[in-house]
Amino acid sequence: MDWFWMLLLIGLAGGLGAVIRSVLVRWDGWLPYGLIASNSLAAGLVAWWLSGPTLTADYTLVITVGFAGGLSTFSTVAKSGFDFYHHGRILQSLISLLANLFVPLGAVLLATALR
């Protein structure tokens, strides 16, 4: 595929992932549940996609770099942890950071097991 169209598709897929993430992160409570869900969905999607039959590199880039990249975020995880810490909620900060590490890892394991 032509590089221009590939970049356009990756950008569109990333934008779609970012819009879905912005909706999911509104699910907030004692922990940032939507953020954890968003990162877990992205990690599970990438694992599911990469553990399946080999598809073209173009489709793989659009899904993994574009869509899943827009759906997941590290900066929001860092901000969430910092906000909890800054407000003196150390336990919430630690649990949030650990949940954003281990729940997506669980999603990866589940996605590969289901393939």
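1. Start with helix 2 (residues 33-51) and helix 5 (residues 90-114), which pack with their axes 8 Å apart and at an angle of about 30°. Axes here are lines fitted to C-alpha atoms over the stretch in contact, with angles running from 0 to 180 degrees between N-to-C directions. Helices are DSSP runs (H or I, at least four residues), numbered from the N terminus.

2. A word on the model: it is predicted, so local features need pLDDT of at least 70 and side-chain atom pairs pLDDT 80 or more, while totals for chains, interfaces and linings use all residues. Residues are numbered from 1 along each chain, and side-chain values use heavy atoms, leaving out hydrogens and water.

3. Back to the pair: that angle makes helix 2 roughly parallel to helix 5 (angles under 35 degrees count as such). Among the residues that meet are L35, I36 and W48 in helix 2, and V103, P104 and T112 in helix 5; contact means heavy atoms within 4.5 Å.

4. Now T64, in helix 3 (residues 57-71). Is T64 buried or exposed? At 16% relative accessibility, T64 counts as buried (under 20% relative accessible area, with a 1.4 Å probe and protein chains only; exposed is over 50%, partly exposed in between). Not counting residues up to four places away in sequence, T64 touches V46, W49, L50 and G69.

5. L61 also lies in helix 3, and at 37% relative accessibility it counts as partly exposed. Leaving aside neighbours within four places in sequence, L61 is in contact with M6, I10 and G66.

How values were computed:
Helix = DSSP H or I, 4+ residues; strand = E, 2+ residues; numbered from the N terminus. Parallel < 35°, antiparallel > 145°, perpendicular 65-115°, else oblique.
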